[in-house]
Each structure stands twice: as C-alpha cells, then as structure tokens.
Amino acid sequence: ELAVADPARVFGELLKRTLERRGIPVSGSVRVVRATNGVPAIEWDNQTSLPLTRRLALCLKPSQNLHAQLLLTEIGRQAERKVTTGTASSTPRRHDEWGLVQLPEFLTRAGIDSDSVRLEEGSGLSRTNRVTPAATVALLRFMAAHPQQKAWKESLPLGGVDGTLKHRFKTGRAHRTVRAKTGSLRGVHALGGY
C-alpha cells in the first residue's frame with residue numbers, strides 16, 4: 001500500500017538482505033545498472049503473462065496500482081523495441097517513460113484533448129497526474145465503441161458484486177448494472193463508468 005520510487009533498488013536491497021539472512025554472504029552494496037546506461041540487459045528469468053483481457057481485470061477490479069504501472073511499462077517496452085530495433089537508442093529512457101511517450105498518439109486516436117490529460121506515471125498515485133472529467137467521458141465513449149469493448153467492460157468492477165464496487169450498489173437498479181472504476185487519493189474520490 002505504498003508507492004516505491006526506485007523499485008529496482010528496493011528489490012536489490014531486499015534480495016541482498018534475504019540472502020544474508022539465509023547465511024549467504026553478499027559483499028558490496030546494491031548498485032542499479034539500467035540497460036539505458038549503455039550496459040545490455042541480461043535476462044535472468046521470464047514468465048509468460050496472462051492475456052491482456054485477464055490482466056486488465058486483475059488491474060481494474062481490485063484497483064491494483066502496481067499492475068497499472070506494469071501495463072504502462074509493457075507498452076513502453078514494446079514501443080522501445082519498435083523504435084530502436086537495429087539502431088542505437090539516441091534517448092535513454094526507462095520503459096515507463098517510453099510508455100508515456102505513446103500517450104499523445106492514443107489520446108488523438110481516442111478523440112481526447114491532450115491538454116486534458118497529464119500523467120507522470122501509470123499507477124495513478126502521483127498527485128501531479130491530472131485527468132479532466134471530459135477526458136474520462138471521452139475515454140469511456142471511445143472504449144464503448146472499441147473492438148475490445150466487451151473485454152474492457154468486463155474488466156471493470158460490477159456494482160455490488162466484485163472489485164472495488166463489491167460493497168457499493170448492493171441494492172436498487174445499479175446493483176449488477178453499474179460497471180465503473182473507482183479512484184481515490186487522500187481527500188479525492190472519483191467514480192467513472194457505465
């Protein structure tokens with residue numbers, strides 16, 4: 001339940017401490033080396049992800065901020081691969097930064113004014129993120145007509161049934177009818193959907 005500014009460093013520190021607790025000596029300090037520092041990335045493990053339709057539900061129903069950030073990072077990883085295949089990257093960026101670079105093109109495609117959305121990261125936890133109500137409505141309309149609209153709507157919490165709406169809309173016409181995404185920070189609460 002907290003935002004981590006440098007997940008790679010935190011992971012390294014936790015791994016080091018875990019190894020030491022298990023009696024494995026680790027010398028030196030944790031050093032984060034990013035592939036964008038001119039050092040090629042080394043894959044040391046991989047896992048095939050669930051299909052995007054399942055990942056969306058894991059992200060939106062329980063409002064998993066980490067999953068949202070990871071989806072942005074995945075968009076960025078794929079975008080970087082397209083741009084830099086066979087060439088040296090002239091602008092070193094993290095994958096989440098590459099993901100944010102894709103935002104203006106998506107906003108244009110969705111008919112959303114680019115001045116109405118400002119994102120710093122993908123989790124939604126930054127107080128500098130800004131999305132106007134008009135941009136939210138435009139996104140909902142765009143997705144209602146999208147080829148993947150069924151998967152999109154099914155990934156949203158269902159009123160009185162699951163996710164962040166499990167304990168809301170328990171009775172009345174909204175029960176089992178409202179599909180919406182909640183959003184909250186200290187002092188701010190929002191709900192947008194169908």
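Q: What covers the buried residues of α3?
A: The cover includes α2 (52-60) and α4 (95-101). Cover here goes by contact, meaning heavy atoms within 4.5 Å. This is a predicted model, where local features need pLDDT of at least 70, side-chain atom pairs count only at pLDDT 80 or more, and totals for chains, interfaces and linings use all residues. Residues are numbered from 1 along each chain as its sequence is written, and side-chain values use heavy atoms, with hydrogens and water left out.

Q: Which residues of α3 are called buried?
A: They are Ala68, Gln69, Leu71, Leu72, Gly76, Ala79, Glu80 and Thr84. Buried means under 20% relative accessible area, exposed over 50%, and partly exposed in between, with a 1.4 Å probe and protein chains only. As background, an α-helix has 3.6 residues a turn, so residues three or four places apart point the same way.

Q: How do you know that the span of helix α3 agrees with what it should be?
A: The expected span is 1.5 Å times one less than the number of residues. For the 20 residues of α3 (residues 65-84) that gives 28 Å, and the end C-alpha atoms are 28 Å apart, so the two agree.

Q: What does the check on helix α1 (residues 7-21) give?
A: With 15 residues, α1 is expected to reach 21 Å, and its first and last C-alpha atoms are close to that, at 21 Å. After α1 comes Gly23, with a positive phi near 85 degrees.

Q: What makes up the fold, element by element?
A: The protein has 7 helices and 4 strands, and from the N terminus they run α-α-α-α-α-β-β-α-α-β-β. Both kinds are DSSP runs numbered from the N terminus: helices are H or I with at least four residues, strands are E with at least two.

Q: Why is the aromatic pair called edge-to-face?
A: The whole structure holds 1 aromatic pair. The ring centres of Phe106 and Phe142 lie 5.6 Å apart and their planes meet at 85 degrees, so edge-to-face it is. The rule is that rings of Phe, Tyr and Trp (its six-membered ring) pair if their centres lie within 6.5 Å; planes under 30 degrees apart are stacked, over 60 edge-to-face, and the rest tilted. The partners come from distant parts of the chain, 36 residues apart: Phe106 sits in helix α5 (residues 103-110) and Phe142 in helix α6 (residues 133-144).

Q: Why does Arg141 count as exposed?
A: Because its relative accessibility is 63%. Arg141 is in helix α6, and its C-alpha is 9.6 Å from that of Tyr194, 53 residues away in sequence.

Q: What makes Ser126 count as buried?
A: Its relative accessibility is 13%, so Ser126 lands in the buried class. Ser126 is in the loop between β1 (117-118) and β2 (130-131). Leaving out residues up to four places away in sequence, Ser126 touches Glu120 and Glu121. Leu185 is 59 residues from Ser126 in sequence but 9.2 Å away in space, C-alpha to C-alpha.

Q: How much of the whole protein counts as buried?
A: Of its 194 residues, 24%. The C-alpha trace spans about 60 × 40 × 35 Å along its principal axes.
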